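Subject: Structure for you to look at

Hello,

Here is the structure I said I would pass on.

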Amino acid sequence: MKPIDRRNFLKNSLLGVAAVSFADPQLLAAQTAARGAASSEAPGIIDTNVNLFDWPFRALKYRSTKALVAKLKKHRIIEAWAGSFEALLSKDMNGVNARLAAECREHGPGFLIPFGSVNLAWPDWEEDVRRCHEVHKMPGLRIYPGYQPFDLDHPGMESLVKMTSEHGLILQVVFGMEDPRVHHPIINVGPVTFGPLLKAVRGIPNAKVQLLHFSGSGQGEDLSQFMAQSNTSMDISRLEGNGAVGRMIGSAQGLPSAHVPVDRIVFGSHAPYFPVETAILKLIESPLDVQQLQAIMRGNARRLLPRTR
Amino acid sequence: MTPREFFLNPADYGLPTRDELVAYRIWDNHFHGFASANPIEQYERNNFFVERMGIERSIAQEVGGTLEEPFAPYPFDAAILKILERDKDRLSGRTPIDPGFPDESCAKIEKWIRNGPCIGIKYPGTGKKAVTCSHPNNDPIMRLAVELDVHVYIHTWLKVGGKPRLPGGDNSPSESTPMDVAKLAQRFPQVAIICGHTGGDWELGVRAVRPYNNVLMEFAGSDPHSGMVDYAISELGVDRLVWGGHGPSRSYATELGKVLDADISKADRKKIFGGNLRRISASIFRKKGMKIEP
């Protein structure tokens, strides 16, 4: 069995999986090794977690949107949901969102999908939700609690989940941007507590809420209950440890699992802060079958955000 | 699924195939396979990923005791020794010491390196006393390292915190910083010292050790930051970098991504992935009767 191409990938063939499971491992290795060159038939990936513009504390290698788009495409990313680093520390969120929308249009129309942001701690954030939806035609919002000075127990949180649900928007909740141990000493990023988010989504069953850069560890039953909601998901950018993606969904034998259903896991790289290579390697490192790969690389994200263009 | 079964061809995604990873001859400088309440089970289970990602050799960081209790009898020592012998073609070990206890540390080095299988000294960041690697207590340990011609690995971090809030201000009392490593390296320029975790904060850590050519920076056990390897090469040169997987608590994917992100030649990647570690370990491997290809 060769590694999948796009046609076979889309067929989502159970027969294919069965055939592979009985194949000779040495033959498989030889076949894999023989494929040195890239195939234009390989299925693409939807990256649900990139950010544009300047990280406030370092000049990132792919900080230029043009360079980032080229880098993502080099690794067969076919669509990238883009937030803005400017949203972390800015007060003028309307300006942040307008620049993000323009940047996506200029450098990646149909490829970079802008996810604007609102800051619950700032006044009139509801108007920013409206503008993202109606003016900029964004399909979703991304919030950065901790950097934006509120936690998920903020009184506006339930309203935000409700508003995004009513507008059919995806709400991405970022659980961190970098290891707190290497924060610049001048900032003191607040904690982000998961529990209140579960409470917020419970009353709004159709809310599309995605956890970004979420480790998945230490949440116990809360994570299971969250993922039991109908439109919740999480990206893989923060999953850590050998076989982490497989462990999360229970496909890595002998390893403890959070048993998150595979249809709730989406690809996210956290580029350009993290190398995009890291997230793709996680898919290769974990023992994942064709259907699981299809779901994580593209299917689950496409279900959340059907392509309408 | 077997370790060599893949449903994605990495080359299709701009990444090295397994065979290409094997060709890099990857030596994992930072392996925590035995750091577990069930170390043997964990080690054996992790071999799936070692095989899958094409790792040639792993250097276990805790052979002889544990990082927290380096001098206490450890019930798994005998089993780990058997595995070291069984898997000697792909597994080596460092033995942890504690500079708060220099005599005990030297005795442990005698037992586990001079008279045992280990190929390096490991400084954990969990010592019992507030003694870091720059303290004079370290001098007899380093003199023994010189005598044995063995490299020294030092866990370092620069955890932000304290009052005033600064990098390193939240380190534990025995946890070394890259600045501690720099002081030690200045006193012992003939010892190859590996500064663990790139100092914790790589932008600062690299600069702290830059003047000391006997210090190598390790990329392992920290988040993958795009550009970090390019930066280290520009400041230190490619011959002073080593790579570690820090598995199983970290992912090989995380750690490999750091080096694959860098704009460097395959030859330079090969140095980081293993060539540099083989260079500084050649002498001790020779003493153990093991010839290693550079």
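B:P164 sits in the loop that runs between strand 5 (151–154) and helix 6 (178–187) of chain B. The model is a predicted one, and in it the peptide bond leading from B:K163 into B:P164 is cis, with omega near 0°. Another cis bond goes from B:G247 to B:P248, with omega near 5°. B:P248 belongs to the loop between strand 8 and helix 9 (252–260) of chain B.

B:H197 is not a glycine, yet its phi is positive, near 60°. This residue lies in the loop between strand 6 and helix 7 of chain B. B:H197 counts as buried because it has 25 C-beta neighbours inside 10 Å, where 20 or more are needed. A:K137 also has a positive phi, about 55°, without being a glycine. Its place is the loop between helix 6 and strand 4 of chain A. A:K137 has 9 other C-beta atoms within 10 Å and is therefore exposed, the limit being 12 or fewer.

Next, the sheet of chain B. Its 8 strands form an open sheet in the order 1-2-3-4-5-6-7-8, and the pairing is parallel. Strand 1 (26–31) and strand 8 (241–243) of chain B are at the edges with a single partner strand each, so each has one side without a neighbour in the sheet. From one strand to the next the twist averages 30°. Strand 6 (residues 193–195) and strand 7 (residues 215–219) of chain B run parallel and are joined by 3 bridges. In one of these pairings, B:I194 has B:L216 of strand 7 as its bridge partner. Helix 7 (residues 202–209) of chain B packs on this sheet, where it touches strand 6 and strand 7 of chain B, and its direction makes about 165° with that of strand 7.

Chain A has 12 helices and 8 strands. Of its 309 residues, 50% count as buried. Among contacts in chain A between residues at least 6 apart in sequence, 78% join residues that are at least 24 apart. The 8 strands of chain A form an open sheet, ordered 1-2-3-4-5-6-7-8, with parallel pairing. The edges are strand 1 (45–52) and strand 8 (265–266) of chain A; each has a single partner strand, so one side of each lacks a neighbour in the sheet.

Strand 3 (residues 112–116) of chain A runs parallel to strand 4 and is joined to it by 2 bridges, with A:G116 opposite A:L141. On its way from strand 3 to strand 4, chain A passes through helix 6 (residues 125–135), and the three make a right-handed β-α-β unit. Strand 4 and strand 5 (residues 170–174) of chain A also run parallel, with 4 bridges between them, and here A:L141 stands opposite A:L171. Helix 7 (residues 157–166) of chain A makes another right-handed β-α-β unit with strand 4 and strand 5. Strand 5 is in turn joined to strand 6 (residues 208–212) of chain A by 5 bridges, again parallel, and A:V174 stands opposite A:L212.

Helix 12 (residues 290–304) of chain A lies across strands 1, 5, 6, 7 (232–235) and 8 of chain A, at about 75° to strand 1. A:V262, in the loop between helix 10 (244–249) and strand 8 of chain A, is in contact with A:I249, A:Q292, A:A295 and A:I296, leaving aside neighbours within four places in sequence.

As for the two chains together, 49 residues of chain A are in contact with 50 residues of chain B. On the chain A side, helix 3 (25–34), helix 11 (276–285) and helix 12 give two or more residues each. Helix 11 of chain A has the largest share, 8 residues. By class, this side has 27 nonpolar, 10 polar and 12 charged residues.

The largest nonpolar core has 162 residues, and those with the most contacts inside it include A:I296 and B:V181.

Regards

Methods. Residues are numbered from 1 along each chain as its sequence is written. Chains are lettered from A and ligands numbered from 1 in the order in which they are written. This is a predicted model: local features need pLDDT of at least 70, side-chain atom pairs count only at pLDDT 80 or more; totals for chains, interfaces and linings use all residues. Two strands pair if DSSP finds at least two bridges between them. A crossover is right-handed if, with the strands pointing away from the viewer, the path from the first strand over the helix to the second runs clockwise. Two residues are in contact if their C-beta atoms, placed from the backbone, lie within 7 Å. Axes are lines fitted to C-alpha atoms, for helices over the stretch in contact, and angles run from 0 to 180 degrees between N-to-C directions. Ala, Val, Leu, Ile, Met, Phe, Trp, Tyr, Cys and Pro count as nonpolar, Asp, Glu, Lys and Arg as charged, and the others, Gly among them, as polar. A nonpolar core is a set of buried Ala, Val, Leu, Ile, Met, Phe, Trp, Tyr and Cys residues joined through C-beta atoms within 7 Å.
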